Amino acid sequence: MSVTQTETDRVILLDDDGTPRGSAPRLEVHGPDTPLHQAFSLYVFDERGRVLITRRALSKLTWPGVWTNACCGHPRPDEPLEDAVRRRVSEELGLAVDDLQLVLPDFRYRAVDASGVVENEICPVFVARIDGEVRRDPDEVSQHTWVAWPDLVSAVRATPDVYSPWSAMQVPLLEAERSRLPLTSAPSSAPAAPPSRTGVEHTLLRVDEVLRHENAWIDHVWNTLAPAGPPDVLGDDPGDLPTWLHSLLVGGGKRIRPQMCHWGFIASGGRVGTRGHDMVVRAAAALETLHLFALIHDDVMDQSDERRGRPSAHVVATRRHLAADAHGLSARFGENIAILLGDLAHCEADRMVHTLPSEMRDFWYELNLELIIGQRADLTGAAAGRTDLEHAEAVAALKSGAYTIERPLQLGALAANATLEQRDALARYGRHLGRAFAWRDDVLGVWGDHTLTGKPSGDDLREGKTTLIWVLGTARLTGEAQAAMQRVGTPEARADDIPLLQRALDEAGVRLELERRIAAELEAADAVLLDAPLTADGVEGLRATARTIAWRDA
């Protein structure tokens, strides 16, 4: 740190009555015996009256990864408090604020992080409006979202542990001062819309809250059982398995399964804010965790080096083994650690559903068996060289479409006490959309843009997977392209086989055939909804989500 930084990045120390008594470097003052010092918190609202919440970067020393208010900070010596607020929101979020108001001038708190570091602050709380786009500093903020104020109040009351301790204390106090919050539109804006009772954003936000809460529980139990200190070979990066799992799970992925769960619930007459919605959130969080289990194990089985633009789990562990010059085979170590990481995800997914009603739990276990059967059929079919359409469609339905689309829809419907007619309509809709989803996966697995999918283009061809593309290619390709199909997945495979097949399959009309089939399934799914006994809000959400799923590029 430079001399200038040392001089400016200091906090103001306070006596117990709030009287300044000197200053100290910010990075040195926080520890197990942090002295009382001056700070501030800021809550910002947009033109619709929504409040901004942010997720602290995972690299933060205290409370990493938790959701909190827009920003916090410390005024520097001789810096007016309001100037410090404006400086910090600009540094962290790239925002300028209007109508800055001090609402809680006397707020103070003391909290202890899991690492033992103490926060001990007199922390006045400000509110403000903003106008502009958030440009967050990734070293400070990993995610952000806008939510209706009542939704944030309800979430903090229901699950305070997944928010920063200061925001968990501040939000109820701000709610008591509700008349002073900028919850209505600015004079030049249209009136703020009422909080949505069907919007999927609220469900997804609560899913992340449950995932963080469950990860905190895993950390606590794990740390009481595991030997102290970082794990051998893995070290602090990626860290022990719960830390690693948390980094892969929270805030990641497209959240397709939770969306299906949500819309199955809403379409069956369910309402946000009810006990049924709580069950939907828990089931959706379990689905996301189960999905991570499937991805980690799938990457080991397929020897895929990359997932979501990052090295796969077994690759990370293999590299750590090599870097440590550890005993044994590095590749075997990497696979074994990845299997354990996936097992931990599956274990946690099962824990999340244990409080659900028995009918939902039974459905959950069928979903698990379906997924495993699909994976087994994929492996044995590829080993046997299956090229028949019946097998390809069965694998796609079991391994992809059912547990991604149809089963989540049904879990949502069960939580809403859906009628048999509603469940039947959702099942028919889900089967059509499930096929469209699986075939879009096939297209992306062969021709997808690596920068968008996060996986190498052509991976499915390289592995010789029995997809619909493979079945159609077997029937249509001739000459050198046909020979390339016979070589892939064997020691005779050549470096140029994959680009050759990508071109040949496209020229043979296979890609066009898949696109036609996807469009037909999307049309069939939409037709189910025309006279289905489902709610209007649910049908609208299902249609919009179907288009996103069918025409996605990642």
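**Notebook: helices, cores and ring pairs**

I began with helix α21 and looked up what covers its buried residues, and I found that the cover includes α8 (256-267), α13 (389-415), α14 (420-447) and α20 (510-530). I note at the outset that this is a predicted model.

I then looked at α21 itself, residues 536-550, which has 15 residues and reaches 21 Å from its first C-alpha to its last, close to the 21 Å expected at 1.5 Å a residue. The residues I found buried in α21 are Gly538, Val539, Gly541, Leu542, Thr545, Ala546, Ile549 and Ala550. They lie on the same side of α21, because they cover an arc of only 160° around the axis. On the other side of the helix I noted Ala536, Glu540 and Thr548 as exposed.

Next I asked which residues have the most contacts inside the largest nonpolar core. That core has 97 residues, and the ones with the most contacts are Trp244, Tyr429, Leu433, Leu534 and Leu542. Helix α9 (residues 275-302) gives the largest share of this core, 14 residues.

Trp63 and Trp166 form one that is edge-to-face, at 5.6 Å centre to centre with 90° between the planes. This pair links distant parts of the chain, since Trp63 sits in the loop between β5 and β6 (67-68) while Trp166 sits in helix α5, 103 residues apart. Both count as buried, Trp63 with a relative accessible area of 11% and Trp166 at 3% relative accessibility. I also noted that ring pairs link Trp63, Phe107, Tyr109 and Trp166 into a cluster.

Helix α5 (165-176) came up again when I turned to α4, whose buried residues pack against it as well as against β4 (40-45), β5 (51-56), β12 (141-147) and α6 (200-225). In α4 (residues 149-158) the buried residues are Trp149, Asp151, Leu152, Val153, Ala155 and Val156.

Last, I looked for disulfides and found zero in the structure. For Cys72 the closest cysteine sulfur is in Cys123, and at 5.7 Å this is too far for a bond. Cys72 counts as partly exposed at 22% relative accessibility, whereas Cys347 counts as exposed at 52%.

Conventions. Residues are numbered from 1 along each chain as its sequence is written. This is a predicted model: local features need pLDDT of at least 70, side-chain atom pairs count only at pLDDT 80 or more; totals for chains, interfaces and linings use all residues. Side-chain values use heavy atoms; hydrogens and water are left out. Buried means under 20% relative accessible area, exposed over 50%, partly exposed in between (1.4 Å probe, protein chains only). Helices (H or I, at least four residues) and strands (E, at least two) are DSSP runs, numbered from the N terminus. Contact means heavy atoms within 4.5 Å. The expected span of a helix is 1.5 Å times one less than its number of residues. The arc is that of the directions from the helix axis to the C-beta atoms. A disulfide is a pair of cysteine sulfur atoms within 2.5 Å. A nonpolar core is a set of buried Ala, Val, Leu, Ile, Met, Phe, Trp, Tyr and Cys residues joined through side-chain atoms within 4.5 Å. Rings of Phe, Tyr and Trp (its six-membered ring) pair if their centres lie within 6.5 Å; planes under 30 degrees apart count as stacked, over 60 as edge-to-face and the rest as tilted.
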